[in-house]
Amino acid sequence: MTTTATYPFTAIVGMDDLRLALLLNAVSPAVGGVLVRGEKGTAKSTAVRALAALLPEIETVPGCRFSCDPHRPDPACPDGPHEAGPGERRPARMVELPVGASEDRLVGSLDIERALSEGVKAFEPGLLARAHRGVLYVDEVNLLQDFLIDSLLDAAAMGASHVEREGVSVRHAARFLLVGTMNPEEGELRPQLLDRFGLTVEVAASRDTDERMEVVRRRLAYEEDPAAFAARWAGEEDALRKRIAAARALLPTVRLGDAALRQITATCAAFEVDGMRADIVMARTACALAAWAGRTDVAAEDVRQAALLALPHRRRRNPFDAPGLDEEKLDETLRRSGGGDGGEDDEPDPDGPDGGPGGGGGQPPQDGPEEPSDASGPSVPEQSRGEEGAGRGRDAGEQAPARAGEPFRTRALSVPGVGEGAAGRRSRARTAQGRTTGARRPRGTLSGLHLAATVRAAAPHQRARGRSGPGLVVRRDDLREAVREGRESNLVLFVVDASGSMAARKRMEAVKGAVLSLLLDAYQRRDKVGLVTFRGTGAEVVLPPTSSVDAAAARLESLPTGGRTPLAAGLLRAREVLRVERLRDPARRPLLVAVTDGRATEGGAARSASTRGGGRVTGGPEPMARARQAARLLAADGTASVVIDCESGPVRLGLAGALARELGGPAVTLEELRADAVTSLVRSVRNPHHNHRRAA
């Protein structure tokens, strides 16, 4: 049956923080939107769609593609100027931004051909214009290209969108409630981008059996008859809609006293958040909470709740920090900085001024059948351990995991040549953003005009086309788009020796510190990363290729060591991972980073992988021979590689250097990895023949 009615907001079970954050933004869009972090299947998109249905109708200028308010039209509206007159009413829109959207789809596009030939600003609005005065929902915001996120957040912050194309400029209003969702396991947002979201909430499915039962009951009832289900909740929906309108009307009268403001600024200072945006967002959120509770003064409980929503994501200093807030420290800070206006107690009133939930603390109402609370709060599911390596052994002498050493700064590794992968900050590539290196005929929609090349193409035909005035007569065949070169992201696959030869505590700490440093570099350069380890009798894919660098760091931290050294199995398993990834994403070029001392004391059990891709490891069971042959197979595939040599002690066998020669890449010692000298080696993985001569 086709679903026509929106799932009611008041029918959502649990998810108190998510519902509250959305409602506060509905009351005060100036709060700055919501970032929802959590696992799949937790009603994130359902809640956003349900909220959009609660927003008051808006009045627009008839025929305006930019939803101008007839009482206060945008003077710069591309469809303007608008004459005074009656408007037309319609529901507020919820617009979804897909992950694969182009920049033109987001901000809008200009018809360059008409602009050049007719001098007309022919502008086709994008999703930002469509979302004006409504809701813009971005699922998997962490997977968007950085330049799209920048454009999106700039518009959200300024309330306007600017489109610049070859000297032609268009501006229009773009004020909307921004909601982004993300699964942290798929990669984090940069701290600078996290800071641009006003509030953040963590969501997870309840572990309470009764609550899960109620979720299923309501969902099945909705799917059976959406209209009847919505009708059952119509009263609660109407009451909530009226409460939103009342809070919006009350908001301008809410007073933020000096005592509450001191608590806000003291809290931000105590938690050492960067900049002043957190203070401003907390102030706006506290005011919205007071208005939501029906008060005209901000209380201490409003400040506390605002901190819990506005600060956790602003405390990340690097990708390996988990967002969160120490509530004991928060309460102590609030106590020391004063009790708020009006002498309210530090503890929130559980009943609030209207005798139910949603009072002092601003929690949203949970109407309908009473729901059991999830006392445990949101929880993060355990991450899967990834693929199991063939024949992985658990040796009796396995060592407990060593802690990683202190990370340090490294310079970028890069893959040789010019690629065409996803935009990033590592290797050279032809991209939509970057310096212009040439021009070509457009492939499909014109993405970026090369003005000089277009003029050169059109100039010889002006007389034949009957040009009589100053304007240039341009045809579509004359258009040329710019070819740009920027940087791409790569797949950095770490192959880490976790055998007994690496088990010395200080040595493994140094190895993990080096890998952690390279992971931090990969995060900054927008790479995907993967982690293969080998020990015992086989190799294991500890982390399949992912954008979540912090997940890789967590797996590295818990990595045990011990057993024999199946180097060949590790290389062959890495080769198999890369083979599969080439099928999934052929444009993303890989870089293999082998972290080993070069020893091999076990042939390994990953033999099924060795026969794929046109190669076969032969030559008997001798472990070193198998490792060398596996390395040659990777080199034959054209895989760029670098070996981090972990050998230590006064006597060194040079086995890692020999492995690097087989792989066709450089070898770098752990000592060199911390020195400036290493940057000339690690900075660029040169062509295999050059590396072979250098290593020799």
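1. A loop residue to start with: R467 sits in the loop that joins α15 (451-458) to β14 (481-488); helices (H or I, at least four residues) and strands (E, at least two) are DSSP runs, numbered from the N terminus. Please keep in mind that this is a predicted model, where local features need pLDDT of at least 70, side-chain atom pairs count only at pLDDT 80 or more, and totals for chains, interfaces and linings use all residues. Residues are numbered from 1 along each chain as its sequence is written, and side-chain values use heavy atoms, with hydrogens and water left out.

2. R467 is partly exposed, at a relative accessible area of 41% (buried is under 20%, exposed over 50%, partly exposed in between; 1.4 Å probe, protein chains only). Leaving out residues up to four places away in sequence, R467 touches Q462, L472 and V473 (contact means heavy atoms within 4.5 Å).

3. Now to another loop: S206 lies between β11 (199-203) and α8 (209-224). S206 is buried, with a relative accessible area of 9%, and its side chain reaches the backbone nitrogen of D208 at 3.0 Å.

4. L311 deserves a look of its own: apart from neighbours within four places in sequence, L311 is in contact with T267, C268, F271, V273, A278, M282 and L325.

Definitions and conventions:
A polar contact is a pair of N or O atoms within 3.5 Å; within protein, one must be able to donate a hydrogen and the other to accept it, and residues adjacent in sequence count only if both atoms are side-chain atoms.
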